Amino acid sequence: YGLPAQPIPAGGGGRPGVFPTSHPHAIYPPPQHQFHPHLHQQQPQRQQHPQPIVQQQHAHRLQQQQQQVSQVPDPPRTTERSIPARDPDPSEAVSHRYGDGCYPRLRYEFACDTDFFSLAEPSGAFVSVIGSFAPYRMSTAISRILFIGVSIYTLVSKWSTVTVEHWRLTMYLTYWTLFLTMAYQLLSFYLMEQRVHLVEPLPGERPRLLVRVAWILYSVVAPAGLTVSVSYWLLTDDRDREPPTLTNAMLHGGVAATVFLDGLLVGAVPMRAKHLACYVAYICTFLVFTYVQEYFGIGSGSDSWPDEYPDGLKEDSLYFISSWSEDFQGAATTAMYHLLFTPVAFFICWGMSLGVRGKTVEGGN
């Protein structure tokens, strides 16, 4: 406390320099309640000088910068749960322009100012990348491993029973769709393990590249699986249809079911109306290939397809009802059916994706 030691005055008794017990300062340091005049002296107040103009300007500028920083909104918070903690942006709510309902939603998704991979909903809410493509649950990993196993089993079981070269089977739409389905399943499993790609983008930005690839693959294989199943069991000629075995049923319907389970129950992939262009391009590519295959004789020959068509007139055609050389009108009718059924199959899948959109959307109306 800065109190100097006071020696015993002369004649006070005791040893010099030692405090007696009767001295008022015997307890050292002294209690704080004791009054010490030299500690409570009034200090002269310093004269307050006005700040120079430069210091006043600097203080004012610093105050303005602090106000601007405090007004900047916080970035969206990314969490590992299925729905990100993101506040909706009222400026992106376009429901007042397009209205509510199915048709206004189609107008919004087909609009030129709507991005091809937009995560914004007409209500101003946002679709979660994590909740849509790779929810952080143990059931997600178990389900996707099971789906991949079903696809591999179907392919191996089928290839082990055919008598022709395996590469000839890859010319059919069924196997085109099967290979794309396996690519989607493997990519979805990779995104589940490598979660660095599942970054919630800022409003107006696109998700990562691999997420966009998985998004397009689902928008193609989901309606393609529906098209393959309906076409095979309802429209295919009896001479093209094989006996209803387990492998055949999985190839023409079972694998497609795993795609819908993954995109509607395990996750919630948000199909967009603009993605119809990708599926139309896929079907048109296959129709052109059927004509090119028959015109150039790819995979043709007397021993290419043994015992396929006893009459031999359409032996080199992929499908009995789609022989461009022998029955051009029938092949054109089949191609027209595919083109007409393409938007129907796509928007059936699009409507089913709307039914599960609520579990991955936060905010908005």
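Colleague: What share of the 365 residues in the protein is buried?

Modeller: Buried residues make up 44% of the 365. The model is a predicted one. Its protein has eleven helices and two strands, and along the sequence they follow the pattern α-α-α-β-α-α-α-α-α-α-α-α-β. Of the contacts with a separation of 6 or more, 74% are between residues 24 or more positions apart.

Colleague: Why is serine 128 called buried?

Modeller: The relative accessible area of serine 128 is 0%. Buried means under 20%, so serine 128 is buried. Serine 128 sits in the loop between β1 (126–127) and α4 (129–133).

Colleague: Why does serine 160 count as exposed?

Modeller: Its relative accessibility is 56%, and exposed means over 50%. Serine 160 therefore counts as exposed. This residue lies in the loop between α5 (138–159) and α6 (166–169), and its side chain reaches the backbone oxygen of serine 157 at 2.8 Å.

Colleague: Why is serine 231 called buried?

Modeller: Serine 231 has a relative accessible area of 12%. The limit for buried is under 20%, so the term applies to serine 231. The residue lies in helix α8.

Colleague: Which side chain does the side chain of serine 231 join in a polar contact?

Modeller: It is joined to the side chain of tyrosine 337, in a polar contact of 2.8 Å. The side chain of serine 231 also reaches the backbone oxygen of threonine 227, at 2.7 Å. With neighbours within four places in sequence left aside, serine 231 is in contact with Thr236, Tyr337 and His338.

Colleague: How do you know that valine 196 is exposed?

Modeller: The relative accessible area of valine 196 is 54%. Exposed means over 50%, so valine 196 is exposed. Valine 196 is in the loop between α7 and α8. From C-alpha to C-alpha, valine 196 and arginine 208 are 9.4 Å apart in space and twelve residues apart in sequence.

Colleague: Why is leucine 202 called partly exposed?

Modeller: Leucine 202 has 38% relative accessibility. Buried is under 20% and exposed is over 50%, with partly exposed in between. Leucine 202, at 38%, is therefore partly exposed. Leucine 202 lies in the loop between α7 (173–193) and α8. Phenylalanine 126 is 76 residues from leucine 202 in sequence, and the two are 10.0 Å apart in space, C-alpha to C-alpha.

Colleague: Now the helix pairs. Why are α3 and α11 called roughly perpendicular?

Modeller: The axes of helix α3 (residues 102–110) and helix α11 (residues 328–355) cross at roughly 105° and come within 13 Å. Angles of 65 to 115 degrees count as roughly perpendicular, so the pair is given that name. The contact is made by Cys102, Arg105, Leu106, Glu109 and Phe110 of α3, and by Phe347, Trp350 and Leu354 of α11. These residues divide into six nonpolar, no polar and two charged.

Colleague: At what angle do the axes of α8 and α9 cross?

Modeller: The axes of helix α8 (residues 209–235) and helix α9 (residues 246–266) cross at roughly 150° and come within 9 Å. The crossing is left-handed. Among the residues making the contact are Tyr218, Leu226 and Trp233 of α8, and His252, Phe260 and Leu264 of α9. The contact residues divide into twelve nonpolar, six polar and no charged.

Methods. Residues are numbered from 1 along each chain as its sequence is written. This is a predicted model: local features need pLDDT of at least 70, side-chain atom pairs count only at pLDDT 80 or more; totals for chains, interfaces and linings use all residues. Side-chain values use heavy atoms; hydrogens and water are left out. Helices (H or I, at least four residues) and strands (E, at least two) are DSSP runs, numbered from the N terminus. Buried means under 20% relative accessible area, exposed over 50%, partly exposed in between (1.4 Å probe, protein chains only). Axes are lines fitted to C-alpha atoms, for helices over the stretch in contact, and angles run from 0 to 180 degrees between N-to-C directions. A crossing is left-handed if the near helix is turned anticlockwise from the far one by less than a right angle, and right-handed if clockwise. Contact means heavy atoms within 4.5 Å. Ala, Val, Leu, Ile, Met, Phe, Trp, Tyr, Cys and Pro count as nonpolar, Asp, Glu, Lys and Arg as charged, and the others, Gly among them, as polar. Angles under 35 degrees count as roughly parallel, over 145 as roughly antiparallel, 65 to 115 as roughly perpendicular and the rest as oblique. A polar contact is a pair of N or O atoms within 3.5 Å; within protein, one must be able to donate a hydrogen and the other to accept it, and residues adjacent in sequence count only if both atoms are side-chain atoms.
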